[in-house]
Amino acid sequence: MDLHGSFHVYDTTLRDGAQQEGLNLSVADKLSIAKQLDGLGVGYIEGGWPGANPKDTEFFRRAREELDLKHARLAAFGATRRAGVRAADDPLVAALRDSGAGVVTLVAKSHDRHVELALRTTLEENLAMVRDTVTHLREEGQTVFLDAEHFFDGYRANRAYALEVLRTAAEAGAEVVALCDTNGGMLPDWVSDVVLDVVGTTGARVGIHAHNDSGCAVANSLAAVAAGATHVQGCINGYGERTGNADLVTVVANLELKLDRAVLPQGLLREATRIAHAVAEVTNVPPASRQPYVGTSAFAHKAGLHASAIKVDPDLYQHLDPLVVGNDMRLLVSDMAGRASIELKGRELGYDLSDDRELVTRVTERVKAMEQRGHTFEAADASFELLLAEEVEGTRPSYFDVESWRVITETRTQGEAVSEATVKLRAEGVRYVVTGEGNGPVNALDAALREAIGQAFPEVAKFELIDYKVRILDQGHGTDAITRVLIETTDGESSWVTVGVGANVIEASWGALVDGLTFGLRRHHR
């Protein structure tokens with residue numbers, strides 16, 4: 001199947017998505033993300049605006065040398081020529097021409113007031129700008145798509161002119177006219193009505209570019225496709241300015257899995273979860289756990305009633321098999337857990353508890369009692385696995401015995417506070433006494449504990465604390481409140497979360513640190 005001909009999946013993460021507040025991509029980041037997007041099988045990757053942005057100009061230069069795309073074509077984004085200047089003489093049009101991209105996506109004004117107030121030109125000259133730029137780039141051998149900016153608002157204000165912009169672009173050789181809900185205020189029925197009119201009136205190939213300000217970007221994209229659009233734009237993970245663009249993975253998954261439209265190369269949708277999370281690592285924007293299809297909570301079940309049903313048939317509480325998008329079902333253990341939850345979670349961790357009713361009951365009651373005191377296991381699978389191993393095997397996994405620990409914080413002459421921790425423990429028959437320093441008491445304890453254990457178990461050098469969360473549980477007690485700490489640790493290949501609870505943040509942190517290192521050693525010594 002010719003994906004580029006039958007349906008376009010067009011990703012604009014590297015340009016429109018990069019406008020998200022707090023998201024800053026280097027050229028190397030953009031090259032890395034482009035490779036991931038190609039692995040998902042998208043048809044087009046919009047790389048940026050060469051000529052207007054030095055970083056994007058550099059991206060296209062390096063892309064020619066470093067990117068070997070298997071599925072996608074690179075698209076360069078830019079504007080129509082300036083008013084009163086020939087397209088052939090406009091330096092920004094020249095940058096598009098010279099970018100090396102086989103596809104150029106031109107943004108053009110389709111709202112009459114934007115033409116007159118923002119461009120400060122006439123409606124006739126705007127049409128000439130569209131016609132001249134599309135014609136010039138087509139003559140240079142490039143495929144041209146048109147992004148009709150503010151199209152839906154322009155259509156409402158002056159339908160005839162908004163449609164004339166599309167006709168002009170299509171007649172000049174634009175292969176797609178993408179209708180942009182630039183302000184993101186549309187609703188699905190409105191989008192459907194407009195797209196039906198555009199398709200029927202212009203005969204052009206229509207695309208959709210939806211923003212999420214009304215919370216309807218995905219729904220609006222699907223409504224446009226149902227009405228005849230065959231080109232859909234979006235960003236992976238829903239990145240984009242303000243509330244973001246349409247989440248491209250959600251749109252594609254709905255098209256393939258709900259509407260039975262094959263829009264990606266066969267089998268590549270199974271890469272969606274891995275790629276969405278890999279891109280999140282590059283952008284340094286934590287992935288949304290509740291993101292449809294690919295979020296860590298997308299197929300997570302907490303209530304005991306759900307677990308009982310899932311034990312009989314997983315489909316009873318899941319809208320599809322998570323494996324089709326590369327995700328997996330997760331059973332969350334909490335004070336809402338029933339026996340079925342514990343049994344299923346045990347199976348997930350490699351324990352068959354189906355024939356030991358007494359053990360399952362004991363674990364269930366212990367979890368509920370510990371959560372009553374402040375623990376949480378739904379976010380700390382590693383701590384739960386240690387608890388379950390202790391109940392099943394009769395002893396808690398242990399690779400070291402702590403004799404004592406202490407930590408002090410002092411202010412030195414320049415007013416800088418420095419923490420120092422001392423840890424005494426035995427590991428592999430040897431007693432270790434280690435002192436560590438840090439920029440805080442938890443950092444110092446972590447350093448001392450890691451150094452002490454590392455002398456007996458060198459693999460601990462790979463372990464790294466990557467996230468640390470503190471929550472005060474009974475705020476009415478002020479500084480005497482119970483504290484819960486969640487710590488995420490990685491060995492460079494995977495990560496795990498442990499929990500600690502105590503009368504103060506140091507005590508709680510110590511418990512989570514010990515669990516984190518114990519779990520890591522258990523994983524490496526199985």
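The text below covers the strands, then the helix, then the patch.

The model is predicted: local features need pLDDT of at least 70, side-chain atom pairs count only at pLDDT 80 or more, and totals for chains, interfaces and linings use all residues. Residues are numbered from 1 along each chain as its sequence is written, and side-chain values use heavy atoms, without hydrogens and water.

Three strands form an open sheet in the order β14-β15-β16, and their pairing is antiparallel. Strands are DSSP runs of E with at least two residues, helices runs of H or I with at least four, numbered from the N terminus; two strands pair if DSSP finds at least two bridges between them.

| Strand | Residues |
|---|---|
| β14 (edge) | 464–472 |
| β15 | 483–490 |
| β16 (edge) | 495–502 |

Each edge strand pairs on one side only. From one strand to the next, the twist averages 20 degrees. β15 and β16 are joined over 8 bridges, and Arg484 stands opposite Val501 in β16.

Helix α18 (residues 505–524) lies across β14, β15 and β16 and runs at about 145 degrees to β16. Angles run from 0 to 180 degrees between N-to-C directions, with axes fitted to C-alpha atoms.

Val505 lies in helix α18. Together with Tyr468, Val470 and Ile472, Val505 forms a nonpolar surface patch with about 280 Å² of accessible area (Shrake-Rupley method, 1.4 Å probe). Patch residues have over 30% relative accessible area and no salt bridge, and nonpolar side chains are joined within 5 Å. A salt bridge places a side-chain nitrogen of Lys or Arg within 4 Å of a carboxyl oxygen of Asp or Glu. β14 gives the most to the patch, with 3 residues.

Conventions
Contact = heavy atoms within 4.5 Å. Patch = residues over 30% accessible without salt bridge, like charges linked within 9 Å, V, L, I, M, F, W, Y side chains within 5 Å.
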